[in-house]
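User: I would like to learn how to read the pockets, cavities and helix contacts of a protein model. Could you take me through them one at a time?

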Amino acid sequence: MKPRVRFAPSPTGFLHIGGARTALFNWLYARHAGGTFILRIEDTDAARNTQAAVEVILNGLRWLGLDWDEGPLSGDPAGPSRGDYGPYFQSRRRDIYQRRIEALLAKGLAYEADGTIKFKMDRAPILIPDLVVGDVRRELTDREQADPDFIIVRSDGQPVFHFVNVVDDLEMGITHVIRGEDHLSNTAKHIALFRALDADPPQYAHIPLILNSDGTKMSKRDQGASLMTYGEEGYLPEALVNYLCLLGWSPKGNREKMPLTEVIAAFDLPQILRHNARFDLAKLVWLNGEYLRELSDERFYELSAEALRRGGLELARYPDAYVRAALETCKGKVKLFSELPAYAGFYFTDEIKYDPAAAEKEFTPENRPRVDKLRAALAKLEPFEPDPIGATLKAVAQELGVKTGVLVHPTRLACCGNTAGPSLYHLLAILGKDRALARLDQALARMV
RNA sequence: GACCCUAUCGUCUAGCGGUUAGGACACCGCCCUUUCACGGCGGCGGCACGGGUUCGAGUCCCGUUAGGGUCGCCA
């Protein structure tokens, strides 16, 4: 039987990074096993659900490249969907839940209490077979000893999570429930519910949680908790996906960066680690840099331009060829697109802000005649291209009896405002002789 | 309070009774070099603690400690 797995988020208006990884692991397993990946929206709590909140989830999954075989195609519960097990919004499955409630009532496995309907929970410990954790024997806690039964229908008639989750997994033919370990304890309730519904529970695989870098629980408000921020801050989805694969699962063989197709081939449930993992942003950044370096020129250009516009630079004022040439000098240099406004901004403005410490060090009276001599040489240079520019720098330095670096540093600072940046020879060529000389003059004026 | 899960460098991990405990990120040197980044070389750094079992334990068992999770008319 082909596996059927699902990602069943509640539309709260954002997609948690942990939820994204849960979706990823479900997706990976489905793709690995040739199964079906289903997206189901758990919108039973009407008060906090909106179409926009659902769109956040859909867009998040799309951004990551996690396509679902069954599920909604839009955030509209009444809108189109794909698959034969719909509706895929719990808010549209009221009658299904109602039938199941009536069945439990008829069998005496549920009863009314204070306007709610409660489920008659098993008193004996329940064995939870788990593909990741192993067999877990769950006993009742002291509070549950006092009253093991739990509410499955609220007094307003709305069925609650534990119940709808089980009913939907049953009705949708879910074979493997892959979810966060925070649900492990609750699984006893779910298994009892499956039994009461005369059904075999699916196989469970509880995956470890993602913690903050300090080891605390990652909650909504924590930095990096929201998937959306990664796109905004210049991360590539393929880098994030790769990183997420490495959190709680290992390809073995000292592999780090690896194509998704290979991850799919190697991925399996029993190899998932049992302990929580801390989110290490530095490693994500490194991976992002690795992927960014390999990007096609076109995609690099598009994402870079977007990042620069986001940073307030007016690219439209410059010829497209100029923008492309400028951005090409940045490829392989930055690890995040969000670094670009600071890194490449000098290409798109004439107001250079010098790094104060560097200015003090480089814009000295001693450097004035050197830069002046270089300026004169560059002014006569034709064609104004990287190789001859480099040769000029070296020649002037030699005449001056100094290392090339002595000229490079103040020149770079004059043109970029920074001590680090793209290849100086290339950047000067792209800036063009007029702009380059003007920046040199501006810097020269400060060297008194 | 009860119940459940977990424990290898700072972090992510390899290890599945016999290893000089391996790799990656980060960090620190050196090399390369027009800066930075990349790349190359090297360094720092770990089996939480205590008992067992065994000829032999990072690996198996128990306990302690620590971290995480759950016990809702949230999901």
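User: Which strands and helices each supply at least two residues of the lining of the largest pocket?

Analyst: Strand E1 (4–7), helix H1 (17–33), helix H5 (161–171), strand E10 (176–180) and strand E12 (210–211) each do so, where helices (H or I, at least four residues) and strands (E, at least two) are DSSP runs numbered from the N terminus. This is a predicted model, in which local features need pLDDT of at least 70 and side-chain atom pairs count only at pLDDT 80 or more, while totals for chains, interfaces and linings use all residues. Residues are numbered from 1 along each chain as its sequence is written, chains are lettered from A and ligands numbered from 1 in the order in which they are written, and side-chain values use heavy atoms, with hydrogens and water left out.

User: How is a pocket defined, and how much space lies in the largest pocket?

Analyst: On a 1 Å grid over the protein atoms alone, a pocket is an open set of points with protein on both sides within 12 Å along at least five of seven lines, a cavity is a set where a 1.4 Å probe fits but cannot get out, and lining residues have an atom within 4 Å of a point. Grid points are joined across faces, edges and corners, and a volume is the space filled by probe spheres set on the points. The largest pocket holds about 1200 Å³ of space, and of its 40 lining residues Ser-10, His-16, Gly-19, Asp-182 and His-183 are the closest to its centre. Helix H1 provides the largest share of this lining, five residues.

User: Why does the second largest pocket lie between domain 1 and domain 2?

Analyst: Domain 1 (4–208) and domain 2 (295–348), whose bounds come from an automatic or database domain assignment, both give residues to its lining, so the second largest pocket lies between them. About 390 Å³ of space lies in this pocket, and helix H11 gives the most to its lining, with five residues.

User: How many cavities of 30 Å³ or more does the structure hold?

Analyst: There is one, and about 80 Å³ of space lies in the largest cavity, whose lining includes Met-121, Arg-138 and Lys-189.

User: At what angle do the axes of H17 and H19 cross?

Analyst: Two packed helices are described by the angle between their axes and the distance between the axes. Axes are lines fitted to C-alpha atoms, for helices over the stretch in contact, and angles run from 0 to 180 degrees between N-to-C directions. The axes of H17 (residues 404–416) and H19 (residues 433–444) come within 8 Å and cross at roughly 105 degrees. H17 and H19 are therefore roughly perpendicular to each other, a term that covers 65 to 115 degrees.

Note on methods
Angles under 35 degrees count as roughly parallel, over 145 as roughly antiparallel, 65 to 115 as roughly perpendicular and the rest as oblique.
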